[in-house]
Amino acid sequence: MTSAQSTSSARPPVQAAIAGEALIDLIRRPDGSYLPCLGGALYNLCRALARQGVGTQYLNPLSRDRFGRELAAQLMADGVVLAQPEPVQQVTSLAVVNLDANGHPDYAFYREGVADRAVTAEGLQNSCAALPALQLVCTGALALDARDTAIYLPWLAAQRAAGRCVVVDANLRPSVMPDLAVYRTTVYAALAHAHIIKASDEDLEHLAVPGDDALARAKHLLAANPQAHLMALTLGAEGAWLLHRNGAQCFAKEAQPLQVVDTVGAGDSFLAGLLAHLLRQSEAAGVARFVQCVDELTADACQLALRHALASASLCVMEQGCVPPSWEAALARSEQYPAAQDPR
């Protein structure tokens, strides 16, 4: 990124505001040591959106410790605007990540008294109110911890009432939640505010959504949330579905196996690619409010956005840690390696 691109005057107006965890992933290496990587699902989403050309603001505070300074520096280098540029005293969250033989991560989190939780619903709302071009807000993952209900649920309700598109990425972490039943209740409460829901096949199992398979569960979840317009279901290496309330159903899967390094940040890059493509569709159509565009999506529009999202995730998994692609890189991949569109 050039110095001109990194200046606030060169940034696009903020269209997306993201709230949730920013942390350090300590990824276990084969020799038993741990590699510190910047991470957190919502932090990754911020970076991924900004790299795809979306004006993005990160709403939570960051620590004044070394990790916090590194997190802030990377966000700013990617073009993300910090709602709270002044660091706070609280320390940075940590996640210990062990990878299985397929590169799939297993997490243990250390999040007591940490910087990204030093936020209030009022603070989030005030930050969003100061963004005249804001079109969507997103949260999920660790922000859906029942202990943070008073922060995020009122904020989501207020943003929906303000006419902004609410995106919730379920991205469950049941192994670190003290009470799974309460956790599920909180996740469902957040989904009730969403226009766009993203969930993996594993998320739907953790939520105990009825259905014989992941697609049936995704359809059930969309039907159970009548205020939602769009449901994105990710299946890992088996592809992804996009389901619209108007009946449109789209599927995409890489036609050839990928050389997977690890899957850290894949879902975040997928969601960023999806939202970036939909935002560009909205702008091209001249629609004043993004939420209206989401409501009126055609099957063809859904398929194009899904292909771009899949390409974004694929580029990420071929890197170590979360390395989100640019808009241009994802677009080139989706054109060079057309996704399979038949789920059979």
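Predicted model: local features only at pLDDT ≥ 70, side-chain atom pairs only at ≥ 80, totals over all residues.

**Stop 1: a strand residue**

Begin by selecting Ala17, which sits in strand β1, residues 16-18. With a relative accessibility of 0%, Ala17 counts as buried. If you display its surroundings and leave aside residues up to four places away in sequence, Ala17 touches Gln57, Leu59, Cys128, Leu131, Leu134, Leu136, Val137, Cys138 and Trp155.

**Stop 2: two residues with positive phi**

Stay on Ala141, which is found in the loop between β8 and α5 and is buried, at 2% relative accessibility. Which backbone angle of Ala141 has a positive value? The angle is phi, which is near 55 degrees in this residue other than glycine. As background for reading that value, most residues other than glycine have a negative phi.

Now select Ala208, in the loop between α7 (201-206) and α8 (214-224), where phi is again positive, near 60 degrees. Ala208 counts as partly exposed, with a relative accessibility of 48%, whereas Ala141 counts as buried.

**Stop 3: salt bridges**

Side chains of opposite charge can pair when their charged atoms come close. The count for this model comes to 10 salt bridges, and the tour visits some of them.

Select Asp116 and Arg111, whose closest N and O atoms are 2.7 Å apart in a salt bridge.

Next, select Glu112 and Arg147, whose side chains meet in a salt bridge at 3.8 Å, N to O. This pair links distant parts of the chain, 35 residues apart, with Glu112 in the loop between β7 (105-110) and α4 (121-129) and Arg147 in the loop between β8 (136-140) and α5 (149-161). Glu112 is exposed, at 62% relative accessible area, and Arg147 is partly exposed, at 45%.

Move on to Glu238 and Lys253, which form a salt bridge of 3.2 Å, N to O. Glu238 is in the loop between β11 (230-234) and β12 (240-244) and Lys253 is in the loop between β13 (249-252) and α9 (266-285), so the pair ties together parts that lie 15 residues apart in sequence. Both partners are partly exposed, Glu238 with a relative accessibility of 45% and Lys253 with 28%.

To finish this stop, select Arg47, Arg51 and Asp78 together, which a network of salt bridges links to one another.

**Stop 4: helix α9 against helix α2**

Two packed helices are described by the angle between their axes and the distance between the axes. Show helix α2, residues 41-51, together with α9: they pack at an angle of about 40 degrees, with their axes 8 Å apart. That angle makes α2 oblique to α9, and the crossing of the two is right-handed.

To see the contact, colour Ala41, Asn44, Leu45, Ala48 and Leu49 on the α2 side, and Asp268, Ser269, Leu271, Ala272, Leu275 and Ala276 on the α9 side. Sorted by class, the residues in this contact are eight nonpolar, two polar and one charged.

**Stop 5: helix α9 against helix α11**

The crossing of α9 and α11 is right-handed.

On α9, select Ala266, Ser269, Phe270, Gly273, Leu274, His277, Leu278 and Gln281, which meet Ala301, Leu304, Ala305, Leu306, His308, Ala309, Leu310, Ser312, Ala313, Cys316 and Val317 of α11. By class, this contact has 13 nonpolar and six polar residues, and no charged ones.

End on His277, a residue of helix α9 that is buried, at 12% relative accessibility. What does His277 touch, apart from residues up to four places away in sequence? The list is Leu304, Ala305, His308 and Trp327.

Notes. Residues numbered from 1 in each chain as written. Heavy atoms only, no water. Salt bridge = Lys/Arg side-chain N within 4 Å of Asp/Glu carboxyl O. Helix = DSSP H or I, 4+ residues; strand = E, 2+ residues; numbered from the N terminus. Buried < 20%, exposed > 50% of the residue type's maximum accessible area, 1.4 Å probe, protein only. Axes fitted to C-alpha atoms, helices over the stretch in contact; angles between N-to-C directions. Parallel < 35°, antiparallel > 145°, perpendicular 65-115°, else oblique. Left-handed = near helix turned anticlockwise from the far one by under 90°. Contact = heavy atoms within 4.5 Å. Nonpolar A, V, L, I, M, F, W, Y, C, P; charged D, E, K, R; others polar.
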